[in-house]
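Biologist: Could you take a close look at a single part, the open sheet, and describe how its strands are arranged and what lies across them?

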Amino acid sequence: MHLARFPRIRLAHLPTPLEPLPRLSRELGIDLWIKRDDCTGLSTGGNKTRKLEFLMAEAEAMDADLVMTQGATQSNHARQTAAAAARMGMDCHILLEDRTGYSDANHLHNGNVLLDHLHGATTARYPGGHDMAGEMERAAEAARAEGRHVYVIPGGGSNPTGALGYVNCAFELVGQADAANLRIDRIVHATGSSGTQAGLVTGLAAMNAPIPLLGIGTRAPREKQEEMVWSLAQRTADKLGCADAVRRSDVVANTDYVGDGYGLPTRRGLEAIALFAELEGILLDPVYSAKGAAGLIDLARKGEFEDERVVFLHTGGSVGLFGYDFAFADPAETAA
Ligand SMILES: Cc1ncc(COP(=O)(O)O)c(C=O)c1O
């Protein structure tokens with residue numbers, strides 16, 4: 001597989017580290033490793049930067065001067081897109097949807113939103129349940145009518161071009177494991193708009209590395225989540241010219257850890273944040289990586305990964321903690 005056939009701009013610090021988690025391994029009774037895609041570098045890092053390497057290359061090829069995308073108020077994708085646009089001298093406009101109903105000032109203005117604006121992006125807010133993709137098309141058309149060259153990135157950067165970033169991650173991860181003589185029995189990560197999982201499924205299939213991959217859902221019910229991943233994996237494989245490589249059975253999601261809804265912190269997610277922070281010094285985010293880790297922790301405790309070496313792909317997002325500070329009581333202060 002020759003990924004250099006596709007235009008790409010280097011935005012991320014790669015390869016990201018693949019590291020053991022000895023204290024969490026002891027806690028959970030499995031051999032747990034972590035792939036640090038929270039350390040991709042751009043504007044505090046995260047999984048979207050890998051996708052943006054391929055998406056922004058397309059934007060540059062079409063001579064774009066304005067990039068548009070959309071997401072939830074505390075969207076990590078929006079923040080990384082704003083940073084990528086800044087780096088490439090393009091304007092960036094972001095449509096933010098209120099998917100949580102939170103009116104807390106930090107939720108509305110701190111964390112990812114603060115960084116969107118520091119990178120020079122403009123933002124527009126919409127109520128939850130709005131047709132965001134349609135709204136973005138209308139905004140793009142209006143800008144085009146004013147003579148702008150607009151490149152539209154779908155929510156989460158999840159299309160076949162963006163998913164190439166996670167095909168690349170699959171190659172990178174398997175290369176690291178092989179170089180270290182490290183057999184991987186399973187990969188676990190948070191799945192949302194589906195590009196991360198679809199890219200990984202496609203990349204692993206393309207290199208004939210049948211490592212079971214488990215996406216822990218953060219929004220959609222299981223059937224819908226798996227259909228989204230499967231559809232994108234097939235389109236990504238088509239783009240790569242290996243359409244027959246991916247199989248429906250490669251796509252597995254567990255959506256038992258979503259809780260009350262997208263962007264709403266869960267008790268298990270907050271426990272996962274505390275465990276990673278206190279045992280390994282690693283920060284998760286309440287919307288995605290904490291729910292992914294909550295699934296990992298619960299399934300490990302139930303014995304699902306017995307005798308396995310599991311790699312948790314950390315997809316980033318910790319800056320979102322500052323938009324969710326109200327979810328955390330401060331035990332040190334309340335005890336005093
Ligand atoms: C921190 C984090 N983890 C995981 C995901 C899910 O990735 P994907 O949308 O590619 O499924 C996202 C998406 O926004 C994210 O921000």
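Modeller: What follows is a description of the sheet, strand by strand, and then of the helix across it. This is a predicted model, in which local features need pLDDT of at least 70 and side-chain atom pairs count only at pLDDT 80 or more, while totals for chains, interfaces and linings use all residues. Residues are numbered from 1 along each chain as its sequence is written, and side-chain values use heavy atoms, with hydrogens and water left out.

The open sheet has four strands in the order β5-β4-β3-β6, with parallel pairing; strands here are DSSP runs of E with at least two residues, helices are runs of H or I with at least four, and both are numbered from the N terminus, and two strands pair if DSSP finds at least two bridges between them. At the edges are β5 (122-126) and β6 (150-152), each of which pairs on one side only. From one strand to the next the twist averages 20°, where axes are lines fitted to C-alpha atoms, for helices over the stretch in contact (heavy atoms within 4.5 Å), and angles run from 0 to 180 degrees between N-to-C directions.

In general, strands of a sheet pair through backbone hydrogen bonds, either parallel or antiparallel. Strand β3 (residues 66-72) runs parallel to β6 and is joined to that strand by three bridges; in β6, Tyr151 is the bridge partner of Val67.

Across β3, β4 (91-97), β5 and β6 lies helix α6 (residues 132-145), which runs at about 160° to β3.
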